[in-house]
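Hi everyone, thanks for coming. Please get the sequence and the 3D view up on your screens, and then we can walk through them together.

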Amino acid sequence: MEEKHFNLEEDAILFEPIRKTGKTFYITLCILVAIILWGAYAYVNQYRQGLGITGLARPIFWGVYITNFVFFIGISHAGTLISAILRLAKAEWRRSITRSAEVITVLVLFFGVGNILMDLGRPDRMFNIIQFAQFKSPLLWDVSSISIYLTASSVYLYLPLIPDIALLRDHGGKWQWFYRIFALGWQGTERQHHLLEKGIAFMAILVIPVAVSVHTVVSFVFAMTIQPMWHSAIFGPYFVAGAIFSGIAALIVAMNLIRKVYHLEDYLRPVHFNNLGILLLVMTLLWFYFTFTEYLTVYYGGEPLHMAIFWSKFTGRFAPYFWGMFLFCFIIPLPILSFRKTRTPKGTLIASLSVIIGMWLERFVIVVPTLTNPRVPDEVVSYFPTWVEWSILAGCISFFILLYMIFTKVFPIVSIWEVREGREKSMAEVRERIRTYLPGIGVE
Amino acid sequence: MVIDLDRCSGCQACVAACQAENNIALIGPEESAKGRTIHWIELIPYIEGEYPHIKARLLPRPCMHCDHPPCTTVCPVNATYINEEGLVAQINHRCIGCRYCTTACPYTVKYFNWYPPEWPKEMKGSLNRDVSIRTKGVVEKCTFCHHRLLRAREKAKVEGRDLLPEDYIPACVQACPSGAMYFGDLNDPFSTVSRLSREKRAFRLLEDLGTEPKVFYLSEGM
């Protein structure tokens, strides 16, 4: 099993993005950079003038930035978690999608953390969090959990990259020195393969509890206060389910783009979208179940404070956001994902875009209405984000897309060695595995 | 602290005294309408009962200085904590401005500096030198005029005597023209505040949350 025996002709299309860069890439790059610079300009303004130039005020101390924080951390659950579960379940169809999923996790985490930092009144003092760490605060749990998650997901992304980096090193092209360093002397020997597989399996098991903990403690930021409709035990699982929900949607969108732009129709086939579509369908239903339980519990409890927030969401000021969320998270994706006929790449793309918008609204609807209705009556202040907040959101999304694009230019976005391994080994393995399930085929 | 609502006339002298004593920035009517005002003590409308047995009154609301404050546990950097006097203190130069304490406080009595604090030129000379000026991007709150306690302690020390209860009262209590506010040691069973807090008229805000506020209100009730 020497990697070198393979020639580049096989799977050549996977090397294309790294070898050649077209005009479209540069045009997109320019547009994204322009949006990022605009977002940066907005932030510089905020940094110099203070958070007063956002729409925030007392008592709505948290708004779009915290919404973005929860949203981006949620998106990060696409990659590592899905990929780990598929790997452990030995789902063979995972081979061409795991890489694109794992990259999402690692990159998007920076924007989750970044939004928290941009929300700080004194970002220059952020290292106080380390110097004066106070572990009773759920925010500190977030810091710890997200750091571990970021480290674990980076390792988990990197390990399966090693053989592919070695391929790039051996077959010439740009940046030889770069690939040589990061290939860590991979020769594809039996022992190396064994070690790598062990490492990947270990990380796959490790990242699952870490990922679950991340979104649980993100929810704890809200649930550990005594504020109405935040102080809820369902928030942990609700947030984790929502995170996976929006994560899968982000993955489907990314896969659609990669497929179109790099002509990888042969690698990312309708069956992948169909399977992920089913997963997304399950999450849609799960999301509905959690939302339904949460609001029904509040409604039957009937506490006046809770009901004030409840009605502000159902019929009051936040009704457009709330029903928008319901439309995008449930009513649009459900029919599309329910039928095989519409579970196509395009169908799942529409459903996924809808879910992403819906989940952003969900985070907004969790954060803002509670703060708008404080316990002690106060002047009524309504919150609407200003251009600064929207610009920073646009900047974050563009920056994420930019980093993702650059990644595809440096590393293969489909795991080449895993696809090859699938072709060569898995056929026989799966056959063997099925034999062990079935009666009357005489295994031992 | 005890506030007798049956005596309060809603004149806002406490609010004005507090603004001057604690160097609270002025932000103008426009920003104020957006909800950016800072008031360490504020008169809020408090409505009791339901129509037709409704009673509306203005309620002066400083920080409650809870025994179990929801704001201190959530601070990631220990910038807000209960000090040895039992007051909920805020270290302005450590605060990172995450505004977790402001959202966790059920009384919403913590305030954020949305802008760098500003005063008209004429007022700059009359700022209180005992109270540090906050920067933009940090949280501030009522301290029960803690700087007055420090000053009173020093004075007592210089005079070689023990600190007496009347040595230290916050600016709002001092300014109240109708004598509706009382300040003292709640732990001393013979102090005025302690006696008043055990009166039938006494109640505390959102008592059912278990935050154990140290501000008591007196009211004849409905």
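Which elements of chain A have the lowest and the highest mean pLDDT? Helix α1, residues 12–19, has the lowest at 80, and helix α14, residues 319–331, has the highest at 95. I start there since what you see is a predicted model. Chain A as a whole averages a pLDDT of 89, and 97% of its residues score at least 70. Now look at residues 1–6 of chain A, where pLDDT stays under 50. The model has 9 contacts beyond four places in sequence for that stretch. Where pLDDT is low, the predicted coordinates should not be read in detail.

Next, please find helix α4 of chain A, residues 79–88. Is this helix largely enclosed or left open? Of its 10 residues, 8 are buried, so the helix is largely enclosed by the rest of the structure. The buried ones are A:Gly79, A:Thr80, A:Leu81, A:Ile82, A:Ser83, A:Ala84, A:Leu86 and A:Arg87. And what covers them? The cover includes α5 (98–119), α7, α10 (190–223) and α11 of chain A. Just after α4(A), have a look at A:Lys90, which takes a positive phi of about 55 degrees.

Strand β1 of chain B, residues 2–4, runs antiparallel to β8(B), and 2 bridges join them. If you zoom in, B:Val2 stands opposite B:Tyr182 in β8(B).

There is also a hairpin to find in chain B. Strands β2(B) and β3(B) form it, with 6 residues between them. In the turn, B:Gly49 has a positive phi of about 75 degrees. The two strands cover residues 42–48 and 55–61, run antiparallel and are joined by 7 bridges.

Last stop: how do the two chains meet? Here 35 residues of chain A are in contact with 37 residues of chain B. On the chain A side, α6 (128–131) and α7 (138–158) each supply at least two residues. Helix α7(A) gives the most, with 3 residues. That side of chain A divides into 18 nonpolar, 9 polar and 8 charged residues.

Technical notes
Residues are numbered from 1 along each chain as its sequence is written. Chains are lettered from A and ligands numbered from 1 in the order in which they are written. This is a predicted model: local features need pLDDT of at least 70, side-chain atom pairs count only at pLDDT 80 or more; totals for chains, interfaces and linings use all residues. Two strands pair if DSSP finds at least two bridges between them. Helices (H or I, at least four residues) and strands (E, at least two) are DSSP runs, numbered from the N terminus. Two residues are in contact if their C-beta atoms, placed from the backbone, lie within 7 Å. Ala, Val, Leu, Ile, Met, Phe, Trp, Tyr, Cys and Pro count as nonpolar, Asp, Glu, Lys and Arg as charged, and the others, Gly among them, as polar. pLDDT is the predictor's confidence in each residue, from 0 to 100. A residue is buried if 20 or more other C-beta atoms lie within 10 Å of its own, exposed if 12 or fewer, and partly exposed in between; C-beta atoms are placed from the backbone.
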